[in-house]
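Trainee: I have a structure open and would like to go through some of its local features. Can you help me read it?

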Amino acid sequence: RSPRARRLTAAEATPAVTAPAVTDPLFLLPSRYEDRTRITPIGALTSGTRAVIEGEVMVADVVFRRRRALLVRVSDGSGFINLRFFYFSRAQQDGFARGTMLRCVGEARRGPQGLEMVHPEYRRLGATPEKLDDRLTPIYPLTEGETQGRVRMTVNKALARLAANPAQDLLPAEVVQRLHLPTLREALEFVHHPPVGTSLATLADGHHPAQRRLAFEELLAHQLSLQQLKQRVQREPAEPLRDAAGLAPRFLAALPFTLTGAQRRVLDEVQRDLARDLPMMRLVQGDVGCGKTVVAAAAAAMAVGSGRQAALMAPTELLAEQHWRSFDAWFRPLGITVALLSGSQPARTRRSALEAVASGEVQIAVGTHALFQDGVAFRHLALSIVDEQHRFGVQQRLSLSEKGRRGAHVPHQLIMTATPIPRTLAMTAYADLDVSVIDELPPGRTPIRTLMLPERRRADVVARIHANCREGRQAYWVCTLIEGSEELDAQAAEETAQQLAAALPEIRIGLVHGRMPPRAKEKAMHEFKDGRIQLLVATTVIEVGVDVPNASLMVIENAERMGLAQLHQLRGRVGRGSQASFCTLLFHEPLSRLAQERLDTLCNTTDGFVIAQKDLELRGPGELLGTRQTGLAELRVADLIRDADLLPKVREVAENLLRHDDGIVAPLAARWIGGAGQYGRVG
């Protein structure tokens, strides 16, 4: 690489930022802006200020301290500043002759000899005064080897092409006018070259009409892609499931409890879908413990009662085993066979299960992602159920569905999630699904009281565990580590279990973590559920799928390091019986503002939808949904909280375009989503 290219890279690269995969430079949007429209006197600079300065070179020397550097002292009469370069050539050094006039852009900071700028952008000034920028300067996210100058040049060429070819504006003119949006050219000219006087705070807020125009178009691209996926799926017929054998009513009558009103309402919606000759694509969401699994089982009963098979896919072996045990207990008395399929099964057990599923002897298969892998064949799969949808990508869900394709017919799909999703997010993230909400908990549940305690009060918590277990109840102690390493989490859980065993010799303590053999995990969970273990020390593997009504106390260590949704999921493991239940959040001091806000929210409410809305505000959609869910984790302009008011208009325009002009979908998806736009492609 040439010395000049090397110098510019060091001067202009934006560190620790990865550029999104954008093929059109027009849509590589600035991550921030700088005001380079005025000169700041050197004497007025303060440390931490980024500014444009002009001055005369007083001296330039190569110095050797910790590392070799070129030091250039510049003065403008009001003061002086040093320019420090670690990467430089002899020719560059010679260019800093005494008396040379420079214009520099950089951040002033304290150095060994006063204020300095490290690798500023600069250029030499001639005898003729040079104009300052008349617009704010965009700072773009860069990939390795790129420079701000090169990217700006590329963007400016693309803007010139846009001016010559306004047909690149994909939104119909009628939509642009009705919604009072600027044209694409106006919007892009503004975001790439904001005029002088535009407030940096306004740009950061994202409320300018130009930014709103681009946010609308980006949200529309996602909405169109997902709705087109739904249309594609529903162009293929499904077999109506009418349960001629009456298995679903028999299943419901045999339950030892009565469905809540919300469960009955959602089950009615599911049964109406299943009776149609179009494939159901329905999301059932509800809070922890609201009874989604029973609704899924009743849907499976409709499939089996129609002479077909059903499959339920869960994200972890622990949750798959829990579902299998529940389904087996419900369906075995009705003469229905339920099989478990997971990757860790012994070869002989798995082979036997695969043969039984392929022959139709097994009517309901429960498993992990192993369900849609090669070698798994169904005799007649008519319903696929996916639990904890946010842990799977759209393609994984569709891969399971492909297992049931028979000629032109595809299976019905029922998706479940215990992560309540705010309506604004659901409208966008799940545009390919019909959404049902179970917003009522079964009777007899007592509210969970949540407390925050600093780590220094750990001894008080251990004493509370002792009292709880001596009274015949059970407890969880959840260990987490910020590194997110399964191995480190396992070590933390093992050490905690040893410490608690020493402190509580009378209490029977069990251990569960992700690195244990599946049989050992299952044995520990069974013993805890049966009451032979009083205190279960675990990592977050128990976040989903464990139902122990006698467990009334949970302690979560390092709670400040976790997101609201996960904390709420963990807390939902207690409070499943009739006795008062408690959740203690152990935290390390001092708490950051965000951590304090998260933990306060959890202490003040048990409403999963309130918690989900707060989690969305604090962490954004990517964290709440999981980064594997579509492309929403990578929205570049739109913000689902700030731009929530746009979503109804986005849906309306999307539906109208799909009816009358679906040719817009592919170019819009390519522009904003790229490869992620192929939501429905199963490979």
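Trainee: Where is P590 found?

Mentor: P590 is found in the loop between β22 (581–587) and α19 (593–604). Helices (H or I, at least four residues) and strands (E, at least two) are DSSP runs, numbered from the N terminus. Keep in mind that this is a predicted model, where local features need pLDDT of at least 70 and side-chain atom pairs count only at pLDDT 80 or more, while totals for chains, interfaces and linings use all residues. Residues are numbered from 1 along each chain as its sequence is written, and side-chain values use heavy atoms, with hydrogens and water left out.

Trainee: What is the peptide bond from E589 to P590, cis or trans?

Mentor: That bond is cis, and its omega is near -5 degrees. Most peptide bonds are trans, and most residues other than glycine have a negative phi.

Trainee: Then what is phi of H119?

Mentor: H119 has a phi near 45 degrees, which is positive although the residue is not glycine. H119 sits in the loop between β7 (114–118) and β8 (121–124).

Trainee: Is H119 buried or exposed?

Mentor: H119 counts as buried because its relative accessibility is 7%. Buried means under 20% relative accessible area, exposed means over 50%, and partly exposed is in between (1.4 Å probe, protein chains only).

Trainee: And H180, buried or exposed?

Mentor: H180 counts as exposed, because its relative accessibility is 69%. Phi of H180 is also positive, near 55 degrees, in a residue other than glycine. H180 lies in the loop between α4 (173–178) and α5.

Trainee: Which helix packs with α5, and at what angle?

Mentor: Helix α3 (residues 148–164) packs with helix α5 (residues 184–192) at about 160 degrees, and the axes are 10 Å apart. Axes are lines fitted to C-alpha atoms, for helices over the stretch in contact, and angles run from 0 to 180 degrees between N-to-C directions. α3 and α5 are therefore roughly antiparallel. Angles under 35 degrees count as roughly parallel, over 145 as roughly antiparallel, 65 to 115 as roughly perpendicular and the rest as oblique.

Trainee: Which residues make that contact?

Mentor: From α3 they are V155, L159, L162 and A163, and from α5 they are L184, R185, L188, E189 and H192. Contact means heavy atoms within 4.5 Å.

Trainee: New topic. How many residues of β18 are buried?

Mentor: In strand β18 (residues 474–478), 5 of the 5 residues are buried, so β18 is largely enclosed by the rest of the structure.

Trainee: Which way do they point?

Mentor: Q474, Y476 and V478 point one way from β18, while A475 and W477 point the other way. In a regular strand the side chains alternate between the two faces of the sheet.

Trainee: Which strands are joined to β18 by bridges?

Mentor: One is β21 (residues 551–556), joined to β18 by 5 bridges and running parallel to it. Another is β20 (residues 535–538), with 4 bridges to β18, also parallel. A475 has L553 of β21 as its bridge partner, and W477 has V537 of β20.

Trainee: Last one: at what angle do α7 and α23 cross?

Mentor: Helix α7 (residues 209–235) and helix α23 (residues 665–672) cross at roughly 120 degrees, and their axes come within 9 Å. α7 and α23 are therefore oblique to each other.

Terms used:
Pairing = 2+ DSSP bridges.
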